Amino acid sequence: MLQKISKISWLGVFISLLFYSFLGWLWFTILFPNQYANSLGKLGLMPANLDPIYFYGPPLTILPTIITTALMMVLLNINTNKAAIEFALIIGLGFLVANTFDIAINPNIPHPRSYGLVVGGFHMIGILVSCLILQAIPKK
């Protein structure tokens, strides 16, 4: 299975990482900052100056997800937009959104449903577009 890693489009991985990271910035700072803060019980309490981990951490944690997704797409021979969308919906809902809701069920997150919707929605869109990018940019 790991010998198939050489068949991954690393350009596709890189572009997916750029997109997913940009989406995270857009999602949590422009589109839904209040909904996110409220889901954490921190509306009006989010720090003005963020620690650097908030900038480099998400891309570092998204990267293995994208690489694993790219490898699975190679292994499953996902080579059409329709197949990429179906695959994204399966792993997006089955792993990313489900895991986000599991993380949200925590006494430290006062509004787990809203957290799951905001963060899970981000991951669903992120993986959907990433799968389309990975399918569109095959290894040369």
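Begin with helices α4 and α5: α4 passes α5 in a right-handed crossing. A crossing is right-handed if the near helix is turned clockwise from the far one by less than a right angle, and left-handed if anticlockwise. The model is predicted: local features need pLDDT of at least 70 and side-chain atom pairs count only at pLDDT 80 or more, while totals for chains, interfaces and linings use all residues. Residues are numbered from 1 along each chain as its sequence is written, and side-chain values use heavy atoms, with hydrogens and water left out.

**The pair α4 and α5**

Helices here are DSSP runs (H or I, at least four residues), numbered from the N terminus. Select residues 81-104 for α4 and residues 112-136 for α5. Two packed helices are described by the angle between their axes and the distance between the axes. For α4 and α5 the angle is about 155°, and the axes lie 8 Å apart. The axes are lines fitted to C-alpha atoms over the stretch in contact, with angles from 0 to 180 degrees between N-to-C directions. The two helices are therefore roughly antiparallel, a term for angles over 145 degrees. By class, the contact of α4 with α5 has 21 nonpolar, 7 polar and 1 charged residues. In this count Ala, Val, Leu, Ile, Met, Phe, Trp, Tyr, Cys and Pro are nonpolar, Asp, Glu, Lys and Arg are charged, and the others, Gly among them, are polar.

Next, select T100 in α4. T100 is buried, at 6% relative accessibility; buried means under 20% relative accessible area and exposed over 50%, with partly exposed in between (1.4 Å probe, protein chains only). Beyond its neighbours within four places in sequence, T100 is in contact with Y115, G116, V119, G120 and H123, where contact means heavy atoms within 4.5 Å.

Move to G116 in α5, which is buried at 1% relative accessible area. Not counting residues up to four places away in sequence, G116 touches T100, F101, A104 and G121.

**The aromatic rings**

The whole structure holds 7 aromatic pairs. Rings of Phe, Tyr and Trp (its six-membered ring) pair if their centres lie within 6.5 Å; planes under 30 degrees apart count as stacked, over 60 as edge-to-face and the rest as tilted. Select Y20 and F122, an edge-to-face pair with centres 5.4 Å apart and 75° between the planes. Y20 lies in helix α1 (residues 10-31) and F122 in α5, so the pair ties together parts 102 residues apart in sequence. Y20 is buried at 1% relative accessibility, and F122 is buried at 5%.

W27 lies in α1 and F122 in α5, so parts 95 residues apart in sequence are tied together. W27 is buried, at 9%. Then select Y20, W27, F28, F32, Y36, Y115 and F122 together: these residues form one aromatic cluster.

**The last stop: N77**

Finally, select N77, in the loop between α3 (53-75) and α4. N77 is exposed, at 54% relative accessibility. Most residues other than glycine have a negative phi. The phi of N77 is positive, near 55°.

Methods
Parallel < 35°, antiparallel > 145°, perpendicular 65-115°, else oblique.
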